[in-house]
Amino acid sequence: TTFQDGGEEVEDGAVYNVTLKKVEIQQAANKGARWLGGEGDQLPPEHTVRQYETSKIRAIKAGTLEKLVENLLTAFGDSDFSYISIFLATYRAFASPRAVLELLLDRFGNLETSSHGEVANLSSLESEMVLRAEIASVLRAWLDQCSEDFREPPDYMCLLKLLEYLKNNMPNSDMESRVQNLLKQFQNQEVEDVDGFCSTSSSDLVDGEELEISNAEEFSSFQDHVVAEQLTYMDVMLFRRVVPYHCLGSIWSQRDKKENKNLAPTVRATITQFNAVTKCVISTILGTRELKIQQRAKIIEKWIHIAHECRILKNFSSLRAIISALQSNSIYRLKTTWMCVSKDILLMYEELSEIFSDHDNYLTSRELLMKEATSKFANLDSSEKENQKKSQKRLQLQKNKGVMQGTVPYLGTFLTDLIMLDTALQDYVEGGLINFEKRRREFEVIAQIKLLQSSCNSYCLIPDQNFIQWFRRQRNLTEEESYKLSREAEAAADTNILSPKSQKSMVKRISTLFLGADMFTPPKEQPLKSSPVGGSSGESTDSASVSSCEFNHSETEDVCVTPVSSPEDPLKKVQLRPLHAAGRPKTLAQGSCSDKGSGSSKGSIFDPGLGLDSGSIPTRDSGSVPSSAPKVLPVYNRQSGGSCIIRVSMDGLHASVYKSILITNQDRIPDVTQRALLKHNLEPDAVEDYELVQVISEDKELVFPRDANVFYGMNSHVNFDFILRKKA
């Protein structure tokens, strides 16, 4: 089979990509085959008749909403077999369920008046039968893949409209019964708490229980594999509930608006759980002042073992949360405590940390996820023999149980990709047509999320209420509290019996493990940041370790571990930043880290500035149509094709919130400033009151003249991080 580009076809309100599919056919002549020496009716190879069949595949590239909905009925005839799935997964970015349903049923689904092209020449009866089959096929797919679209309490207008249509046009059908059952299910279903297991508000606690600082002895009573299994159980329950379209950049980016505080609750729930795990790690290490250095080191070792167990369970979400917590400023700075962590454990920690290296757009974690997405068990490799033996032993125990495992991904990777796609590709093309090629690209990411959600059905985990209740009871430390406790712990460690010689030896060993070098320079103490890790009770559930950063039309929210060391520091200290409820996603939904002094973006769970193509998982959809979308998209920290993506924060209160903006080589300061103000929900008319500066280093900034060309004037050898500052 070969494919050939057939160009474009333009119709009123739609543009189609045409691909010619040429298939070789081997056809044997039944008559006379035996005379030529063939067995049965098969011709010998030298007498095989070769024929070729060419078919045309039409895939809609752009169109009006009416044309896109009409194409739901004709896509199979055009051999665009994946169109219905792509449309249903992404249409919420440009239309509402009610608008699509009304077009589908009232305009194209009216069996009395409809005469769309495919059935116009058939008899009235045949036309009605064909149209009924097409409508039923689309509705069945909609209910199968996106039944949540019809959850509109308390009125359920779309579901009632659909039910009325089915009663009139398909009475007593299976579809009618199915819609009735779905309506009853929605009406009888109690409102679920989307924060599920990770909520720590007082209303979720049993009478008499109070939030408490973690007790080290109680925490130590839980076995490592039990903790990992329970964290995985909670992550699986939340990840399976994620509604894929909630992850779309254009949807998620709207969550910061006041009227959208409840937008994308399933994604917010995964972020809250991620942050709860991160803060639980910090609380157990720092929460008890009376701990000795060795005891605190044992707790760190225990969390590293738990992280390793999460790796065996293929739970990359909690794995990253634990690693992020251990890399946070308040834990990382415990130099004396880290000296007491055994060498083998440090090596294990280093290997686990490498999984989330930001090198080459997180290529390591992407390749690992691609390799293990649908595998039955984890594929463990360790450069340290002792760790490898332990890993294989634990893995063999899992295999002996005969229970397959799913995969829980770090959702931030997909959110970042979707944000970058939304930033780089336009929503509309010439003529005001909806750019459906953009939706095809987004569906490649959505399909990966759905595949992993299906794999999670393989888990067979039983909740341990003792652990879950303990986990809920943990009181999260604010950033100020954790930093203060960290300083107290280090101050107490100064009186340790370790001699200066043994301290120097231990420091050198740690430096060798982390840097591969013999030189060690203690990281500089950073002033305490004002943004708390835990936040006050009045903050949104997203505020935690997730830092908010925005992209052009959609931002991504990342659980963000922000490096706070200067570029000269050999060790990378990392600080957790809060995830703001405003702006586009960028940590576990948004990837914006905002420290001026950060020389790199390591530690950022979601780094919006990284490319999409490298290491992305291909979609194995046999029905997909070759895409003509450009191979190279604008990305953060790299100028290509006359465009790039920069990150702009507001000086002052919003310094920790980045908005990602696509700029071209034609954009000057007023244009970029106006877009940045709009992204930060400020008045765009106040352009003259602000100046744009690029952060070069901790103590250097590049200030742009009023009419400068940003693309050519910026320093392309440092991070593309900018600050919008009010003029003096």
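D464 caps the N-terminal end of helix α20, with a side-chain oxygen placed 3.0 Å from the backbone nitrogen of N466. The model is a predicted one. Helix α20 spans residues 465–473 and is mostly covered, since 7 of its 9 residues are buried. These buried residues are F467, I468, Q469, W470, F471, R472 and R473. The packing partners of the buried residues of α20 are α7 (216–220), α8 (224–241) and α10 (265–286).

Across the whole structure, 27 salt bridges were found. One of them joins the side chains of R439 and E442, at 2.8 Å from N to O. Both residues belong to helix α19 (residues 436–455), where R439 and E442 are 3 residues apart, about one turn of the helix. An α-helix has 3.6 residues a turn, so residues three or four places apart point the same way. R439 is buried, with a relative accessible area of 1%, and E442 is likewise buried, at 0%.

Partly exposed residues also take part in salt bridges. The side chains of E148 and R151 pair at 2.9 Å, N to O. E148 has a relative accessible area of 33% and is partly exposed; R151, at 30%, is also partly exposed. A further salt bridge links the side chains of R475 and E481, with an N to O distance of 3.6 Å. R475 is partly exposed at 31% relative accessible area, and E481 is partly exposed at 29% relative accessibility.

Salt bridges also form a network, which links E9, E11, K56, R58, K67 and E70.

Note on methods:
Residues are numbered from 1 along each chain as its sequence is written. This is a predicted model: local features need pLDDT of at least 70, side-chain atom pairs count only at pLDDT 80 or more; totals for chains, interfaces and linings use all residues. Side-chain values use heavy atoms; hydrogens and water are left out. Buried means under 20% relative accessible area, exposed over 50%, partly exposed in between (1.4 Å probe, protein chains only). Helices (H or I, at least four residues) and strands (E, at least two) are DSSP runs, numbered from the N terminus. Contact means heavy atoms within 4.5 Å. A polar contact is a pair of N or O atoms within 3.5 Å; within protein, one must be able to donate a hydrogen and the other to accept it, and residues adjacent in sequence count only if both atoms are side-chain atoms. A salt bridge is a side-chain nitrogen of Lys or Arg within 4 Å of a carboxyl oxygen of Asp or Glu.
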